[in-house]
Structures are given as C-alpha cells and as structure tokens.
Amino acid sequence: MDYEFRRDGFGGYRALFSMGHEAIGQWLIDEVGKDDDKVDELLTLIDRLSARQLEEYHLPGRDYSLTLTQEEAEVKANVLNISLDEDLDDLAYYDDEQLALCGLEDFAAVLTSWRAFVRNEDW
C-alpha cells in the first residue's frame, strides 16, 4: 500500500492512497483530521489487539466506519451499509473507493505517519 500526504492551497489536507486503499485516505481526512487524541486512542487499541487483549474494535463515523481485528483494519463507507430495495440490475454500482482493507501493522504505520504530517513533523 502506497500513500502520500499533501497540503492543499487552502490549508487543508489530502491523503492519496494506492488503488484499492483510497477509502483509508478519505477516512483519515473525514473522520480523523487533526485529532491527536483519536490517533493515540487507535494506536493504543492496535497495541491491545496485537497483544491479543482485545478481539475486535468498531468505530462508527459520519461517512466512514473503521473495524479493527487482531489481523487487519477495514475502512468502509457507511453508504455501503444501506440496503437498496430497488432492482439494480441495470445500474452499475461502483464501490471500489469506498472499502479498503490492510494489515494491522501497516495501518498503525499509516496512523503514525498521518499524525506526524498533521503536526508538521518531518514533512
């Protein structure tokens, strides 16, 4: 999984992730932002999951939700949880950028890099 963090011309942040992992970048921007406490809490939870002290953790968000297990992290757009009663046979449903999985260790590295970026450390 490749990623790059950038600042835009308006003081905002961009998190660009390789294909298949785009949802992680959007989750960072929309759900984490500059919240150091949230990053610290998630890194502590990852340590507990890695130590097998916790089986799973779910963090619902406004637009994206995060599920952490002892093995991986899943970022999923909340719109994917909506059941559609309509017949979608004739419609193309695109969700490639709305769901991403990665290993727990890689996810911890992303969080650590994001925290350093928003703190303006090493960037």
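Reader: What percentage of the residues in the chain is buried?
Author: Buried residues make up 36% of the chain's 123 residues. Buried means under 20% relative accessible area, exposed is over 50%, and partly exposed is in between, with a 1.4 Å probe and protein chains only. Keep in mind that this is a predicted model, where local features need pLDDT of at least 70, side-chain atom pairs count only at pLDDT 80 or more, and totals for chains, interfaces and linings use all residues. Residues are numbered from 1 along each chain as its sequence is written, and side-chain values use heavy atoms, with hydrogens and water left out.

Reader: OK. How many helices and strands does the chain have?
Author: There are 3 helices and 6 strands. From the N terminus on, they run β-β-α-α-β-β-β-β-α. Both kinds are DSSP runs numbered from the N terminus: helices are H or I with at least four residues, strands are E with at least two.

Reader: How do H2 and H3 cross?
Author: The axes of H2 (residues 36-50) and H3 (residues 104-118) come within 10 Å and cross at roughly 160°. That makes H2 roughly antiparallel to H3. The axes are lines fitted to C-alpha atoms, for helices over the stretch in contact, and angles run from 0 to 180 degrees between N-to-C directions. Under 35 degrees counts as roughly parallel, over 145 as roughly antiparallel, 65 to 115 as roughly perpendicular, and the rest as oblique.

Reader: Which residues of H2 and H3 meet there?
Author: On the H2 side, Asp36, Val39, Asp40, Leu42, Leu43, Ile46, Leu49 and Ser50 are in contact, meaning heavy atoms within 4.5 Å. Their partners in H3 are Leu104, Phe107, Ala108, Leu111, Thr112 and Arg115. By class, this contact has 9 nonpolar, 2 polar and 3 charged residues. Ala, Val, Leu, Ile, Met, Phe, Trp, Tyr, Cys and Pro count as nonpolar, Asp, Glu, Lys and Arg as charged, and the others, Gly among them, as polar.

Reader: And what about H1 and H3, how do those cross?
Author: The axes of H1 and H3 come within 12 Å and cross at roughly 50°, so H1 and H3 are oblique to each other. Ile24, Trp27, Leu28, Ile29 and Val32 of H1 make the contact with Phe107, Val110, Leu111 and Trp114 of H3. That contact has 9 nonpolar residues, with no polar and no charged ones.

Reader: Which residues are buried in H3?
Author: Leu104, Phe107, Ala108, Val110, Leu111, Trp114, Arg115, Ala116, Phe117 and Val118 are buried in H3. In H1 (residues 22-32), the buried ones are Ala23, Ile24, Gly25, Trp27, Leu28, Glu31 and Val32.

Reader: What follows H3?
Author: Asn120, whose phi is positive, near 70°. H1 is followed by Gly33, also with a positive phi, near 60°.

Reader: Switching to loops: where is Asp63 found?
Author: Asp63 is in the loop between E3 (56-59) and E4 (64-69). At 40% relative accessibility, Asp63 counts as partly exposed. Leaving out residues up to four places away in sequence, Asp63 touches Asp30, Glu31, Lys76, Ala77 and Asn78.

Reader: And where is Arg52 found?
Author: Arg52 is in the loop between H2 and E3. Its phi is near 60°, a positive value in a residue other than glycine. Arg52 counts as partly exposed, at 48% relative accessibility.
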